[in-house]
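Biologist: Please take me through this model, starting with the helix packing.

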Amino acid sequence: MPVFKAFFKILKVKGAIVLIYVAAFIAFMFGITLQSESAGESMFQTKNLYVAVWDKSRSALSDRIIQMLQGENEVSVLTADDLQKLGTTEKEQLRELNDDVRYGVFDYVLIFPETFEDDDQYSYFSTSDSSAGYIISEQIDTFLKCLKINMAAGMDGDEALEKAAEVSDASQNAEIRMADFSDEGGSTHDSLYYLYRFMCYSVMMAIVIGICTVMTGMKNDDLVRRIHCSALSSQKISLARFSASLLFAVGVMGLFVLIASIYCLGSADMSKNSAYILNLVPVVIMSAAFAYLLSTLTADESIINMITNMVSLAMSFMCGVFIEQNMMQPGVLKAAQFMPFYWYVQGVDLADASVSVTSPAFLQCIGIQLLFAAAFAAAGIVISRSRAAGK
Amino acid sequence: MTFGHIFLYRIKELFRQKWCVGWNFLFPLVLATAFFVGFGSFIRNADILTTVDVAVVETQDDEMSSSFVDLVKKLDFMNVSVVDDEEAQELLKDGDVAGILYAPSFTANTRQLLNGNTLDNASSAADTLQISVENIGSSSMLTEDAKQASYWINDPTLTVAENGVNQTILSQFLKSYIANEKEMAMIITSADDPSAIPAAIQKTADMMAEDMTFGSSDVSLRYTDDGRGQLSPYMHYFFALIAMASLFASWISTSILDEAMANHSEIGKRNECAPVPRAVSLTANILSGLVIQVISVTCLILYIQYVLKLNFNAPLGYVILISAVCSATGIAFGVMFGALLGNHPATTTAVPLLFSMGCSFLSGLMVGNIQQIIQAAAPWINRINPAALLTDGLDSLGSYGIGPAYWQDVLILLALTAAAIAVSSLILRRKNYASL
C-alpha cells in the first residue's frame, strides 16, 4: 500500500507535466478525427466529391453544367475574391488549385475557358488515381454528348440544352441497391468510430508517458532505498507499482472515453459505445504493461519518450490507424498482424458493424491484445527481478 | 581558441549521448521505414489508374445483355467477372468486387414486336431496336407508353455493399448508360416522321459509339521545369517527417541551456563561473547542436532518396538547405523555451516534444491534407509554423522547381530563427550568476 500511495504522491507533484501530455494527445485525437468524419451508410449515397469551378465563359451552357454537378457534389464556384486569395497572377492561382487537388481539399477543379460555349472544350485537374476525373468528366461528357446528338437531330440551341438537361435528370433515377451482409445495422463510420479508431495512439502515448514520468520519479535513489528497507517483498512492491500504473491507465481511459462520449452524444450511434470501450480495455492494459517494461529498462525520460513515439507512431501507420486497412498492401497487413494495434482496429471495425461482443471474431481481437499485454508485463517483471537480484 | 574548444567538445559529447543519437538519428529513420512500408507502394504507383472490380450478371439471353457485357469488358478501368447472381452475391459479400451490375434486357414488348424474326442482320442492340420500330408500322401505334425507354428496355441496375469511390464510379457508369438509353428514347419519340425513326436510331447509335471527350486534364502546371513527373501527395508525409526531425533540434538546445544556466544544473553553475563569456559559450554550443542536427537530417534525406528510392524531384542541395535552416529554427526555439521557462521540469522534455509534434501535426504528419485545409481557413498559421514552411518549401521545390515560393519559405524560417534568438538574447543577457 505505501508503494501504491507513493505512485500517486509523485503523480501529484508531476501532475502538470502529465496533464500537458494528456491534453495534447486528446487535441491530436480530435484534430485527426475531425478530418475523417462521414455520414451514415445505410443507403447508397454517391461519394460527394468536392469540385471547384472556375467559370471564365459565364454562359448558359456552363451554368447548366454547374447546376447538374451541384445535384450530387459539393460545388464551389470560384468568385473573384476567392481567386484573389489564391494568388495575384493566373499562374499562382492555378498552382494553388493544383495543390488543393493534390492534397485533397478538392477532388476536381473544372475550368471553363471563355470559348467554352463555342467549342465545348474544358480543362480540369483531378486526383492522381483519376477516380474523381472519371466521375465528374463522365457526367459532363455525357451531358455534352446528349446536347450534340440533340442538335444533330435538328433541335435549336435552347431546346437541345433543355432536352439534354431532362435526360441528365432522368438518368439520376438509376436503381442502385445497398446489400446488407452484416448481422444488424451495418457499418456507419460515424464520428464515434473515428474517435475510437484514433484513440489507441493517443491513449497509448498519454498512458505510457504519464506512467514513465512517475516511475522515473520513483527511481530516485533515496526513495528506492527506503522502499527496499521495508518488510515488503519484491513481488509485492512490483505488484503495487503495476496496480498503481493500471489504475492511472484506467483513469486516463475514463477521461478519453468521457470526452469522446460527450462530443458524440446526439450525433453518433451510442449503442456501440460499450463495444468500443470493451475493445479499448486491452489497449489500456497493454499500454500500462509496456510502460512498466520501459521503466525497468531505463530511467531516462528522453529515451522513454523516443521509444514510445517510435513504437506507437510506427504501429499506427502500419496497422491502419491513420490510413485505412483496406488501402494497405496485403504483405504489410500480414506483418501488421504481429502488432497489437492491428487487432484493435479490427475490433473497432467489428464494433462499428454491430458484430456481437461475444462473437469469435471480436473475442479473438481482444484475446490477442491481452496476450501482448501479458508478454510486456512478463518481460517487465523478469527484467525487474533480474536487476534486483543483481543488486 | 575557446570557441573552437567548446564547439568540438560539445559535438563529441552530443554524439555520446544515447538520447541524442536515438531521437535525432534513429527515430526518424525508423519512422521513415514505417511510412515506406505502410504506403510506399502508393508513391511508386501514383500514376497507375486504379481499376474497379465488378461482377456482371446477364439477366436474359439477348443482344441487349450481351452488348452491355461487351461494353463493360472494353472499359480499361473495370476488372470484369461475368458470373451468375449467386456467385456475384458471394463475391460482393467477400469484398472481392465493388458492386454487381445487372445487365439490361429487352422488355416483353420489344420481343413481341420482333415476332420471332431472326436477328441475323441485327449486330447490335440499336439494330434490334430499329427492327422493332419498323415492325410497329405507322406512328399511330406509338402509344404514350411506347414513348418511354422503359417500354423497350429493362434498365441495368447496380448493387453495392458500401459507399465509396469505386461504388460511385460504378454508379456514374450506370447513369451514363441510362442517359444514353433515355436519349435514344427521346430521339425516337421526337421524330415527326415515323419512317425516319430507324435512320434516327442508327445515327444516334453511331454518335453514341463515337469516343467523344470534351475535357482535357491540364497537366501544364504539374511538371517541373525539366519535365519530371508530378510529386506524389504521399511524399508530403516524408516532408512532415523531415520537418519533425529538424525541429527535434529544440531538444538539443534546451539541454544545452540546461547545462549553461546556474539555476538549472550543477554543470550550469560551473559554466557560469568559468571566465568564458556566456555569448561565446552559448554560440559555440548552439552551433555544435546545429551541426549534429544538420548531419542527422542529411542522413534522413539521403536514406529516403537512395535507400527507400523515393524521389524528392529536386536537387538534393536545396532540400538539405531548407532542412538545415529549419533545424536552425528548431535550435533557436529550443533556446527561447529554455530562456522563457527557466528551470521548470517541463522545459527539457514536454515542451520540445509537444512543440515538434504539434508543429508536425499541423504540417500533415498524421493527416496528410491538414496543411491545405489550414491554408484555406487560417493561412497565417502556416506562415508561422516552421514545419509547415519546410513542407511547403519542399513541396513547391518538387512540384514547380526552384522559385519564389521556395525562397520565401527559406526567408521566413530565417526570420523566425532571428526572432527567437532575439527574444532569447533579451531574456538571457541580464541574467548573471548573482541574479539567478
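Predicted model: local features only at pLDDT ≥ 70, side-chain atom pairs only at ≥ 80, totals over all residues.

Biologist: At what angle do α10(B) and α15(B) pack?

Modeller: Helix α10 (residues 235–247) of chain B packs on helix α15 (residues 350–362) of chain B at about 160°, and their axes are 9 Å apart (lines fitted to C-alpha atoms, for helices over the stretch in contact, with angles from 0 to 180 degrees between N-to-C directions). The two are therefore roughly antiparallel (over 145 degrees; under 35 is roughly parallel, 65 to 115 roughly perpendicular, the rest oblique).

Biologist: Which residues of α10(B) and α15(B) meet?

Modeller: From α10(B) come Ala240(B), Ala243(B), Met244(B) and Leu247(B), and they meet Phe355(B), Ser356(B), Met357(B), Cys359(B) and Ser360(B) of α15(B), contact meaning heavy atoms within 4.5 Å. Seven of these residues are nonpolar, two polar and none charged (Ala, Val, Leu, Ile, Met, Phe, Trp, Tyr, Cys and Pro count as nonpolar, Asp, Glu, Lys and Arg as charged, the others, Gly among them, as polar).

Biologist: Now the sheet: what is the strand order?

Modeller: The order in this open sheet of five strands is β5(A)-β6(B)-β3(B)-β1(B)-β2(B), with mixed pairing; strands pair if DSSP finds at least two bridges between them. The edges are β5 (176–178) of chain A and β2 (78–82) of chain B, each with a single partner strand, so one side of each is left without a neighbour in the sheet. From one strand to the next the twist averages 25°.

Biologist: In which sense do β1(B) and β2(B) pair, parallel or antiparallel?

Modeller: Strand β1 (residues 52–57) of chain B pairs with β2(B) in the parallel sense over five bridges, and Ala55(B) stands opposite Ser81(B) in β2(B). Helix α3 (residues 63–74) of chain B packs on the sheet and touches β1, β2 and β3 (99–102) of chain B, its direction making about 145° with that of β2(B).

Biologist: And what does α8(B) lie across?

Modeller: Helix α8 (residues 165–190) of chain B lies across β5 of chain A as well as β1, β2, β3 and β6 (157–160) of chain B, and runs at about 170° to β6(B).

Biologist: How do α3(B) and α8(B) pack?

Modeller: Their angle is about 135° and their axes are 13 Å apart, which makes α3(B) oblique to α8(B). Met64(B), Phe68(B), Leu71(B) and Val72(B) of α3(B) meet Phe173(B), Tyr177(B) and Glu181(B) of α8(B), a contact with six nonpolar residues, no polar and one charged.

Biologist: Last topic, then: what is the domain assignment of chain A?

Modeller: Domain 1 covers 2–41 + 188–390 and domain 2 covers 50–171, with bounds from an automatic or database domain assignment. Their C-alpha centres lie 48 Å apart.

Note on methods. Residues numbered from 1 in each chain as written. Chains lettered and ligands numbered in written order. Heavy atoms only, no water. Helix = DSSP H or I, 4+ residues; strand = E, 2+ residues; numbered from the N terminus.
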